[in-house]
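Dear colleague,

I am passing on the structure we spoke about, and I would be glad if you could read it alongside the notes that follow.

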Number of protein chains: 6
Amino acid sequence: MSTKCCLSRELPVEEYLIEEEPYYVPVGNEVEIFTAAYKNLLPINLKGPTGSGKTRFMEYMAYRLKRPLITVACHEDLTATDLVGRFLIKGDSVEWNDGPLTKAVKNGAICYLDEVVEARKDTIVVIHPLTDDRRMIPIDKLGLILRAPDEFMLAISYNPGYQSAVKDLKQSTRQRFVSIEFDYPPARLEKHIVAHESGVDEKMAGDLVEIGQRIRNFKHHGLEEGVSTRLLIYAGKLIHEGISPREACRIAMARPITDNPDLQKSIDEIIYAILE
Amino acid sequence: MSTKCCLSRELPVEEYLIEEEPYYVPVGNEVEIFTAAYKNLLPINLKGPTGSGKTRFMEYMAYRLKRPLITVACHEDLTATDLVGRFLIKGDSVEWNDGPLTKAVKNGAICYLDEVVEARKDTIVVIHPLTDDRRMIPIDKLGLILRAPDEFMLAISYNPGYQSAVKDLKQSTRQRFVSIEFDYPPARLEKHIVAHESGVDEKMAGDLVEIGQRIRNFKHHGLEEGVSTRLLIYAGKLIHEGISPREACRIAMARPITDNPDLQKSIDEIIYAILE
Amino acid sequence: MSTKCCLSRELPVEEYLIEEEPYYVPVGNEVEIFTAAYKNLLPINLKGPTGSGKTRFMEYMAYRLKRPLITVACHEDLTATDLVGRFLIKGDSVEWNDGPLTKAVKNGAICYLDEVVEARKDTIVVIHPLTDDRRMIPIDKLGLILRAPDEFMLAISYNPGYQSAVKDLKQSTRQRFVSIEFDYPPARLEKHIVAHESGVDEKMAGDLVEIGQRIRNFKHHGLEEGVSTRLLIYAGKLIHEGISPREACRIAMARPITDNPDLQKSIDEIIYAILE
Amino acid sequence: MSTKCCLSRELPVEEYLIEEEPYYVPVGNEVEIFTAAYKNLLPINLKGPTGSGKTRFMEYMAYRLKRPLITVACHEDLTATDLVGRFLIKGDSVEWNDGPLTKAVKNGAICYLDEVVEARKDTIVVIHPLTDDRRMIPIDKLGLILRAPDEFMLAISYNPGYQSAVKDLKQSTRQRFVSIEFDYPPARLEKHIVAHESGVDEKMAGDLVEIGQRIRNFKHHGLEEGVSTRLLIYAGKLIHEGISPREACRIAMARPITDNPDLQKSIDEIIYAILE
Amino acid sequence: MSTKCCLSRELPVEEYLIEEEPYYVPVGNEVEIFTAAYKNLLPINLKGPTGSGKTRFMEYMAYRLKRPLITVACHEDLTATDLVGRFLIKGDSVEWNDGPLTKAVKNGAICYLDEVVEARKDTIVVIHPLTDDRRMIPIDKLGLILRAPDEFMLAISYNPGYQSAVKDLKQSTRQRFVSIEFDYPPARLEKHIVAHESGVDEKMAGDLVEIGQRIRNFKHHGLEEGVSTRLLIYAGKLIHEGISPREACRIAMARPITDNPDLQKSIDEIIYAILE
Amino acid sequence: MSTKCCLSRELPVEEYLIEEEPYYVPVGNEVEIFTAAYKNLLPINLKGPTGSGKTRFMEYMAYRLKRPLITVACHEDLTATDLVGRFLIKGDSVEWNDGPLTKAVKNGAICYLDEVVEARKDTIVVIHPLTDDRRMIPIDKLGLILRAPDEFMLAISYNPGYQSAVKDLKQSTRQRFVSIEFDYPPARLEKHIVAHESGVDEKMAGDLVEIGQRIRNFKHHGLEEGVSTRLLIYAGKLIHEGISPREACRIAMARPITDNPDLQKSIDEIIYAILE
């Protein structure tokens, strides 16, 4: 289990190429917009709720554009150094290791910063010179300025639904990105996706989607966020495995999205009404 | 007492196998649900109060599924690095040590993050790519992406009873888990457990369970949390050792769960009423 | 004054054995309860105000049970690493040093975490696996899981009188401990203790105890905590040394416990009334 | 991808020279003021909203004055050490690396601290001795005092629109800088810029500018900041690429600047009214 | 100016002996109380305002008792390690350096923690085992328990006048110390001190003391703390040097103690009234 | 640009000698007071607004007294170690480097802590033993106590105008310093200074001073601090360079001191009224 001395081993960029076409059904003209932005070297911002397909869309576009996709899940402790790179000690010498952003710039990859508002301020500021006409990244620790090739693209995502005031993008950051809004897919499309991914038939998939849509209506009545397509698929998988549909919906939909007993009861009633 | 140079010694994964069947009596269909989720590669979330048997259930399922169980007690200072692994200096070379999550992924074990909301945000974000269809963990420091075998499962637990707003799971995390709710076992079953584990007879066990149930009713009258089955067993053990039943209940039930003198008095009255 | 290279020198566990019987007079059946808990491998929690004899009781029980007593005074900066142990660099090699908790587990000692709520959360979580039926401590840095012998016991103390909401034990911790409550000794016993320890006669000791008891009544009138037996003994020692009784009580009782001039005046009046 | 041992390699200052004249159309007499300040060794402060051309103006002036321009994007974690320089370990010796401020002082460059209020207090204090008649920087770690040549200039920028009380420049800092205010360019000029940079014709550029100006009027009705010239150019580029004008304006203007659905709707109405 | 390799050089304890009798005039029986506490191994707490002679009293008692006096000025960043000691690297070996508290214990010195409430909690907790009948200090890093000789004494000071709730001694700490209250010396004594230390005649010293006493009356009218004897001496020294008495009082008394213009004016009026 | 191995190079103290007489015109008897304090070994505190000449006065006095002047700009991250000194690693040995305070004590220099309230508490406490009759500084890391020669003086400055409650000097610190108040120079003197330093004629300098004085009257109407003499000189320099007087006053006075549009307008009106 213990691995010796592989400090500077870096994943070759080819590993980030997506070789099989991801399953993605466009909802609107998001593919054309993304393509136009990519051609014009415009950075892009995907706004939308949890589980509305932003990550899958990025994989699909990376596949179509034949570029490696380097994804970074942002969090409070992500530093600029994590993104750009650092020196690591190896024996008594020292080697530089590219961070994911530097690797993407060097290789003309697409760098996708998921939930960018979660990152610390210094992380966000580090992308500024990459997102205006300079398209460069200064690597202070190497004394280098890297200029991004035209193939490089920066994309970010965030969920406008539950940003607090302290965790919002500054205007000086926001105004650097073209923004595409995402939402849950329309019913007919979602039914198709649930059936395809979980193995249940179209009738059951339709029932699950109807439950999902009714739950989403609670969003303005105390529910923090609607149920994602992913959870509908979870329910479908459990049903396909033999769990009763009502039980499956309770444990894959009602319980995951809220701890509020009143909301849970209302959701259970929806489930019982549709899955008679 | 001092141990020399064992920096990279890691516990072999076999140590995490549970060899004897843990004592666990199912309350509902939680065993079937867990099994269905495991087969479908769905991560699972156990919700419930302190001492309602979540940890024991995990040990029981790990035994049934014959997988090693690697448990991490989450806390505020647990970092992503603690979970994933780190380099340690040994003499003048450097060795990589797997963290518990990486070890579980490599060995197809079940990784159980107990009280996950206590962990820092970066710890929680690190499990995201393991909980969608990617089922992978990027180990930045090694430049590796590990893909989880089908045997690997991620389970988390948390107690919805006393989460504050600042310590709640984000929707983008919650919606990745099928959720099973736990509660105290029903009276007949709990009586059996208390007698079995403490050595008192069924009559005394029944009295202890009745006291426990009445105390749990105080939960909506100022008591933060009900008395756990574990404390009922503690009381039983002290009684079995010769401490008077009333005294045993005071020191093993009333005093541990609250410092409020009024609540303590009410609980003492319950104890005196039942243990005449 | 400067000591060379003793990094990994650890105190042999025999140093923690208490060889002379400590002076302790039981107030109730606390000795029996402690002994029963010890035999049943139940961890114990001593609750009570400052100076009510918790530390002395621990020394007495350790003496009776003939186990070494390793005491840790908890504070905000105490880390899990401090408790468990760490690697220390010695020249160009590295040696492991057991922390007090690990040393207690290895040697079947009693580990006493004094004022446990003062410690950081990760410190408190580290004791969880030692306090259920697993009775083990994972030492991540060594890749070891230590199982505690039956002789090992974990005891904690805290003062419920002045815990704030932010510094309270979580229920998931509290419900792991049998709890014994401590309070100031009854008057007759306290008089005996004061006379024995300070050298004043029984009459003077009685006056001091009466002053102490009246001051304790102020606790519900603005006084944060009552006067401890220790301070009564301080006053006795100063009187025995020749300081006037009134002066001794002022500087050993009234001034230490409060800075509030009104409370000080009320306490002085009590002193003057009794020590005419 | 891994680079060996280049710890002390520093970018030669010539890299910071701007060789091609940047596209900049003066709005008022800002060029004369900057030149006069430069000749009189007065530090300068550019105040104005996001995307009003401050960075481009700095590049233009650096080009005119034929001085290297070293830009630092300030953020919360920028330390005085980051600005001044640090020692780095290389093998078993140690080398000093100039920070961007030190490099600018040594080479008579223009140092531009963008969004200076974001930096920590110690960073801001470090520029004090450079901004009065001492014009020096003490480098404590080298035991050096560097005196700035007349060619050196310090410029800072900040956006008075959204500074909170905690993030404001202290008077003792503010009163060291001559201040030039920036705003969006006047309509005729902005139309020219949008057409020039995006490729759309003058008619369409005029429509985009009119939309931009109307959006800016919302600033006193809940909009945090007006739409920048940069976003107008983004919209133009997408239109030039074939995206419908209305769609382009929505994704390049309405969505980037706000998440508020009501504001978005009002902005959409402006877009639809002008781009019939 | 640069000193080579003196890492483990420690000041010999003789340096802390006070060889000349400090100028101190007792106000009450504080000398007797201190002596009685010292004989009975009781730790002592000096409470009183700034400049009321606590530090001078400590020097006087150390001189009388012929013990070295090791003073530590407490502050927020003082750690337990600072007090107890640490290992320091010297070339490629490591040496232990005693902290001031350890040095005092080893040498039977008096250790004086000035303004103890300023220190961090872990610093204060470290003195607990030294202040009960254990009179020991565990040095975890050396694996040693040091027992204090009878000559060792621990003294602390604090100023009850401006402690906030967050910076107060816990009862479990307070109740370990005999407390002596200090205040400004009575007028006749203070006049003598001012004349003796500043060189002005008794008449002028009397005027200064009268001004001081009147200013102290403002303490209940918005003044945070009265003027110390030290500042009266400052004024006297400036007068002795030729500065006009009124000017001297303004700059040595009115201006140092407050920035409030109204209070300054009231104080100036007192000065002008007395120094006609 | 990279400098090799100069870790322990320290600036010789002669570098801190001021060789040319600084331009300073006394306003009152501040020179006499400073001289008297210096002779009597009294530390001094300069209180006054930004740009009122405190730093220049220190340079002037250091020149007159022929002592080196070591200035430290205090900030939140300045530690006691920064002031006192530290060990630095050089190759495989270690060298001590004096901090600015230690260097001043060793060389009998004047140490000037500018804006002392910005420093952390441990920094401020470290000066206590230097500011009473002990006049010493303990250097714990060297095990040395340095006694200050009579030539050494400690001076601090702070601006009472905008100290918040959290950033105020403690009384135990304040009462160690004689305090001299600074304010803007009287009109006649300020006119002379502005003309002398900027190159404009006496008439224009008079106008600038009148504008400055009127702006200062706004201080009680929302302006945080008055305009400093330095900014008047900035305006003069720009006018001398050919910028129109009104424009020069706007960018050198109105804009630097406030972002409030209403206050800016009022100030512009003053400018227009005087510079017709």
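Predicted model: local features only at pLDDT ≥ 70, side-chain atom pairs only at ≥ 80, totals over all residues.

In chain D, helix α8 (residues 202–216) and helix α11 (residues 261–274) pack with their axes 10 Å apart and at an angle of about 150°, so α8(D) and α11(D) are roughly antiparallel to each other, and their crossing is right-handed. On the α8(D) side the contact is made by D:Asp207, D:Glu210, D:Ile211, D:Arg214 and D:Ile215, while α11(D) contributes D:Ile267, D:Ile270, D:Ile271 and D:Ile274. Sorted by class, the residues of this contact between α8(D) and α11(D) comprise 6 nonpolar, no polar and 3 charged.

In chain F, the axes of helix α1 (residues 30–39) and helix α2 (residues 54–65) come within 11 Å and cross at roughly 60°, and α1(F) and α2(F) are therefore oblique to each other; the crossing of α1(F) and α2(F) is right-handed. Here F:Glu30, F:Val31, F:Phe34, F:Thr35 and F:Tyr38 of α1(F) meet F:Phe57, F:Met58, F:Tyr60, F:Met61, F:Arg64 and F:Leu65 of α2(F), a contact made up of 8 nonpolar, 1 polar and 2 charged residues.

As for chain A, the domain assignment gives domain 1 (13–181) and domain 2 (187–275), whose C-alpha centres lie 32 Å apart. The contact draws on 10 residues from domain 1 of chain A and 9 residues from domain 2 of chain A, and between them these two domains bury about 770 Å², 55% of it on carbon and sulfur atoms.

Methods. Residues numbered from 1 in each chain as written. Chains lettered and ligands numbered in written order. Heavy atoms only, no water. Axes fitted to C-alpha atoms, helices over the stretch in contact; angles between N-to-C directions. Helix = DSSP H or I, 4+ residues; strand = E, 2+ residues; numbered from the N terminus. Parallel < 35°, antiparallel > 145°, perpendicular 65-115°, else oblique. Left-handed = near helix turned anticlockwise from the far one by under 90°. Contact = heavy atoms within 4.5 Å. Nonpolar A, V, L, I, M, F, W, Y, C, P; charged D, E, K, R; others polar. Domains from an automatic or database assignment. Buried area = accessible area lost by both parts, 1.4 Å probe.
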